[in-house]
Amino acid sequence: MNTDELLSYAIRHFGRNSISKVNNNANIIAFSSPITKKWFAILNLDPKSKKLNLNCGEFSETIKDLPGFSTASLVKDDNWVEVSLLLSEQKIKQALEYAFKVVLMTNKKNNPEKLIYIPDANQNDEKNVYHEQKLDFKNWKKSSRFVERKNKFTEDKIDLNFEETQSVPKEIKEMIKSYQYSLNGAIRREQNFYSQGKLMADYEDDYDRKQLFLRYYPTYHDLTVGQARTYFTWRTKIRHNIYEKNSDSYAYIYLYELLNGIGVKNSQEGLERLISFNKNYAQKFSSEMGAYIERWIRDYLIFYNIDSKTYDSFIKERDKDKKYEQLLYPQNFSEHEVVTSLIRLSNYKITNCPLYKKDEEKFEHLLALIWQQILDLRQDGFDFFTNYIAYKNQMTVQLFAAAVFNHNLISKTNSYAVDQIRKYFYDEEKKTWYCESYWGLAGQKSIVGNLLHEVDREVRQSFHLGRNLKPRKIEKHYLQAIKDGIKEYQIEEQKLNHPELEINLSQLSMIREDAADTRDSLLTEEELKAEQEEKTQVEENSVDNVKKDYGLSKEEATTVIMLLNGEDPKKYLKENHLMAAIVIDNINEKMFDEIGDNVVEFIDDAPILIEDYREELEDMFLKGNS
């Protein structure tokens with residue numbers, strides 16, 4: 001039962017005047033009796049610690065050890081108890097009613113009416129004076145009706161409890177005797193149920209009678225012998241997949257057994273039996289029970305550390321988390337999923353953007369790039385998601401609430417992840433389970449709407465589409481992220497429209513040879529001879545005196561020397577059928593190990609030596625030359 005429903009019920013049932021704030025704290029609400037003005041309930045509305053405490057008077061000690069009830073944390077008084085909000089709506093309302101009646105009774109005065117009137121003694125009338133008399137019960141005869149009722153009650157009791165010992169199976173006798181009254185009241189029911197359940201885990205019965213059983217939070221200790229035999233006979237059939245309608249209290253005992261791992265080989269078998277019982281019994285005979293089972297199955301998966309991905313138990317939680325998960329971890333989802341989640345969290349109709357109408361797929365890609373730019377701002381301390389969309393919250397949870405469960409059992413894990421943003425973990429020090437998830441912030445739709453409005457506005461300006469929009473107020477770093485995302489998109493589009501040329505270097509030498517053959521065939525013998533002499537002279541003047549080539553080819557070394565001498569190597573490279581860009585790249589790559597940087601660059605398509613390295617290159621290539 002959520003706190004809104006609880007408050008609404010209290011206002012309708014107890015009156016608006018019965019509700020007030022405590023110490024002007026908006027999160028702490030007190031419920032008081034309009035007659036006695038005493039508090040009978042206190043409710044904490046804080047999302048991180050929602051609690052309900054009730055004043056149950058002397059009865060509090062009796063119910064504190066019941067599932068769903070515990071020692072009060074808001075009021076340090078023995079008459080107060082804490083009630084789990086995970087209990088059914090009906091049970092919470094009943095508890096509130098009881099607490100209300102308790103404080104009403106505190107104002108009840110003693111009845112002044114005399115039940116026996118004794119007249120005053122009159123000295124002149126001794127006959128009217130009251131004298132003490134002794135009652136003689138020896139000669140008192142019980143009425144035949146009383147004797148008849150007493151005898152019938154005794155017969156019923158004998159029949160119900162099987163007082164004749166020869167009719168009580170020895171296993172049930174041992175179970176009854178094993179109950180430990182010495183245990184602490186808070187854990188007595190749970191631990192006795194667990195130990196008795198282990199004792200009766202393999203017991204089977206074939207009882208030919210069927211006795212009704214009605215009890216909240218039932219245990220073996222609550223059963224008469226006849227009810228115990230009825231239960232174990234019914235359980236035997238259930239274990240053989242024979243599902244017969246019986247009192248719901250019997251069914252809850254069977255469910256408690258499974259939650260505690262009683263009568264199963266391992267946790268996986270226990271889970272399968274829970275699912276089977278829900279399908280074949282609860283869904284047919286008790287829808288309220290089915291709701292409890294579905295909640296307990298989720299707790300079972302957590303406590304026994306069973307992978308939930310193969311089950312539908314957390315489907316609602318995953319659906320709720322999905323929109324936040326897609327925005328926090330966009331790399332794990334398609335761009336369409338990420339953009340759809342962003343649009344759903346906004347009150348702005350971004351689908352009217354001209355680019356969206358023109359090409360929906362391209363717009364989704366653009367918006368995904370922008371969102372990634374916004375996420376990257378977290379490195380600079382600007383977290384749009386946490387500040388404006390949702391925040392991480394931790395809430396205490398009680399596994400197996402409203403069930404008889406032995407909490408001394410050790411869970412199979414202290415941390416359980418449902419998805420990337422919903423996790424359960426156990427605090428050893430506080431002995432408490434917590435659920436960590438994301439909670440939506442108020443006004444998220446309006447703020448995300450402003451963000452998408454600015455996306456639309458910047459897109460229209462950058463792509464010259466549609467009419468201009470008036471700007472809305474968003475922080476400047478987020479506006480810059482929008483612009484950066486658009487710029488990144490435009491660069492991508494430019495590359496797509498102007499693809500880079502790919503040069504197959506393996507075929508380059510063949511092209512050079514073919515070009516040289518063609519050129520040589522067009523030259524006269526005298527031209528060829530003159531060219532060869534010029535080439536030989538250049539190489540003799542440059543390379544012959546270089547003691548070390550530093551991994552450069554003859555042509556590459558010659559190019560470096562020509563640049564050092566202020567000559568233009570273009571003609572030389574052309575005559576050798578070489579591309580200047582490729583030769584320069586090779587020189588820079590090979591000289592990187594020696595110099596640690598590029599030594600030649602292109603300025604206006606002309607190769608120029610970087611002056612910072614001239615002296616060093618002269619020592620390497622021109623030293624000793626004249």
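1. Arg-460 and Asp-456 sit four residues apart in helix H16 (residues 444-463), so about one helical turn separates them. This is a predicted model. In it, the side chains of Arg-460 and Asp-456 form a salt bridge, with 2.9 Å from N to O. Both Arg-460 and Asp-456 are buried.

2. Arg-614 and Glu-618 both belong to helix H23 (residues 614-621), where they are four residues apart, about one turn of the helix. Their side chains meet in a salt bridge at 3.7 Å, N to O. Glu-618 is partly exposed, because its relative accessibility is 30%.

3. Which parts of the chain does the pair of Asp-321 and Arg-422 tie together? Asp-321 belongs to helix H11 (residues 315-328). Arg-422 belongs to the loop between strand S8 (415-417) and strand S9 (423-427). The pair therefore links parts that lie 101 residues apart in sequence. The contact itself is a salt bridge between the two side chains, 2.8 Å from N to O. Asp-321 and Arg-422 are both buried.

4. How many salt bridges does the structure hold? The count is 20. Salt bridges also link Arg-189, Arg-215 and Asp-222 into a network.

5. Next, the acidic surface. Glu-335, Glu-360, Glu-361, Asp-376, Asp-484, Glu-488 and Glu-492 form a negative surface patch. Helix H14 (360-376) and helix H17 (476-497) are the elements that give two or more residues to this patch. Glu-488 has a relative accessible area of 31%, so Glu-488 counts as partly exposed. Patch residues need over 30% relative accessible area and no salt bridge.

6. Is Gly-485 buried or exposed? Gly-485 counts as buried, because its relative accessibility is 0%. The C-alpha atoms of Gly-485 and Ala-368 are separated by 8.5 Å, while the two residues are 117 residues apart along the chain.

7. On cysteines, the result is brief. A disulfide is a covalent bond between the sulfur atoms of two cysteines. The cut-off used here is a pair of cysteine sulfur atoms within 2.5 Å. By this rule, the count is zero disulfides. Cys-353 is buried, since its relative accessibility is 0%. Cys-435 is buried too, with a relative accessible area of 7%.

8. Two backbone angles deserve a look. Phe-400 is not a glycine, yet its phi is positive, near 60 degrees. Phe-400 falls in the loop between strand S7 (390-397) and S8. Phe-400 counts as buried because its relative accessibility is 1%.

9. His-577 is the other angle to check. His-577 has a positive phi of about 55 degrees, although His-577 is not a glycine. The residue is found in the loop between helix H21 (570-575) and helix H22 (580-595). Is His-577 buried or partly exposed? With a relative accessible area of 23%, His-577 is partly exposed. The cut-off for buried is under 20% relative accessible area.

10. Ala-251 lies in helix H8 (residues 248-259). Its relative accessibility is 0%, so Ala-251 counts as buried. Ala-251 and Met-289 are 38 residues apart in sequence, and their C-alpha atoms are 8.9 Å apart in space.

11. Asn-246 is found in the loop between helix H7 (225-239) and H8. Asn-246 is buried, because its relative accessible area is 5%.

Definitions and conventions. Residues are numbered from 1 along each chain as its sequence is written. This is a predicted model: local features need pLDDT of at least 70, side-chain atom pairs count only at pLDDT 80 or more; totals for chains, interfaces and linings use all residues. Side-chain values use heavy atoms; hydrogens and water are left out. Patches are made of residues with over 30% relative accessible area and no salt bridge: like charges are joined within 9 Å, nonpolar side chains (Val, Leu, Ile, Met, Phe, Trp, Tyr) within 5 Å. Accessible areas come from the Shrake-Rupley method with a 1.4 Å probe; for residues, only the protein chains shown count as cover. A salt bridge is a side-chain nitrogen of Lys or Arg within 4 Å of a carboxyl oxygen of Asp or Glu. Lys and Arg count as positive and Asp and Glu as negative; His and the chain ends are not counted. The place of a charge is taken as NZ of Lys, CZ of Arg, CG of Asp or CD of Glu. Buried means under 20% relative accessible area, exposed over 50%, partly exposed in between (1.4 Å probe, protein chains only).
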